[in-house]
Amino acid sequence: MAKEERVAAAGEVGDGVIKGIKVGGESLLLANVAGKIYAVSDMCTHEECNLSDGGILEGVEIECSCHGARFDVTSGEVTEEPAEEPLNTYGVTVRGDDVFVSLE
C-alpha cells in the first residue's frame with residue numbers, strides 16, 4: 001500500500017484553484033478540475049519554472065507562465081510545446097476535508 005501524506009484541506013483547493021505544496025522534499029501542484037483534485041510535479045519540464053507561481057489553469061490544462069508550455073493535469077501529458085517531457089502524476093485521495101497525496 002502506498003504511503004499517503006496529508007497535504008491540504010480540501011477547502012484550500014476549490015474548483016479551478018491551483019496550489020503549490022511540498023511533500024517529502026518534492027514540489028507538487030494540486031489542481032482542482034470540476035471538483036476533482038489532481039497532483040502533478042510543480043516544475044515545468046521545459047525550463048524548471050514553478051507552475052504554481054503564475055501558472056494558469058484552464059479546464060484540465062495548466063500553462064507555465066515562463067514560456068507557455070501546457071500540460072494536462074489529469075495525466076501529466078504535454079499539450080503544447082516548448083516542453084517535451086510530461087509531468088509526474090501522483091495519487092490523490094480526499095477524506096472528509098483532508099487531501100492526501102501518495103508519492104509511491
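I noted at the start that the model is predicted.

Strand 10. I looked up strand 10, residues 98–102, and found 4 of its 5 residues buried, so the rest of the structure largely encloses it. Strand 1 (residues 4–9) runs antiparallel to strand 10, joined to it by 5 bridges. Strand 9 also pairs with strand 10 in the antiparallel sense, over 5 bridges. Strands 9 and 10 make a hairpin with 2 residues between them, and Gly 96 in the turn has a positive phi of about 65°.

Asp 98. I checked what stands opposite Asp 98 and found Ala 9 and Arg 95. Asp 98 also forms a salt bridge with Arg 6, with the closest N and O atoms 2.7 Å apart. This pair links strand 10 to strand 1, across 92 residues of chain. I found Asp 98 partly exposed, at 28% relative accessibility, and Arg 6 partly exposed at 42%.

Other salt bridges. I searched the whole structure and got 6 salt bridges. One of them joins Glu 58 and Arg 70 at 3.1 Å, N to O. Glu 58 lies in strand 5 and Arg 70 in strand 7, 12 residues apart. Arg 70 is buried because its relative accessible area is 10%, under the 20% limit. Glu 58 is partly exposed at 44%. I also noted a salt-bridge network linking Glu 58, Glu 61, Glu 63 and Arg 70.

Surface patch. I found a negative patch formed by Glu 80, Glu 81, Glu 84 and Glu 85. Glu 84 lies in the loop between strand 8 and strand 9 and is exposed, at 64% relative accessibility.

Notes. Residues numbered from 1 in each chain as written. Predicted model: local features only at pLDDT ≥ 70, side-chain atom pairs only at ≥ 80, totals over all residues. Heavy atoms only, no water. Patch = residues over 30% accessible without salt bridge, like charges linked within 9 Å, V, L, I, M, F, W, Y side chains within 5 Å. Areas by Shrake-Rupley, 256 points an atom, 1.4 Å probe, with all protein chains shown as cover. Salt bridge = Lys/Arg side-chain N within 4 Å of Asp/Glu carboxyl O. Lys, Arg positive; Asp, Glu negative; His and termini not counted. Charge placed at Lys NZ, Arg CZ, Asp CG, Glu CD. Buried < 20%, exposed > 50% of the residue type's maximum accessible area, 1.4 Å probe, protein only. Pairing = 2+ DSSP bridges.
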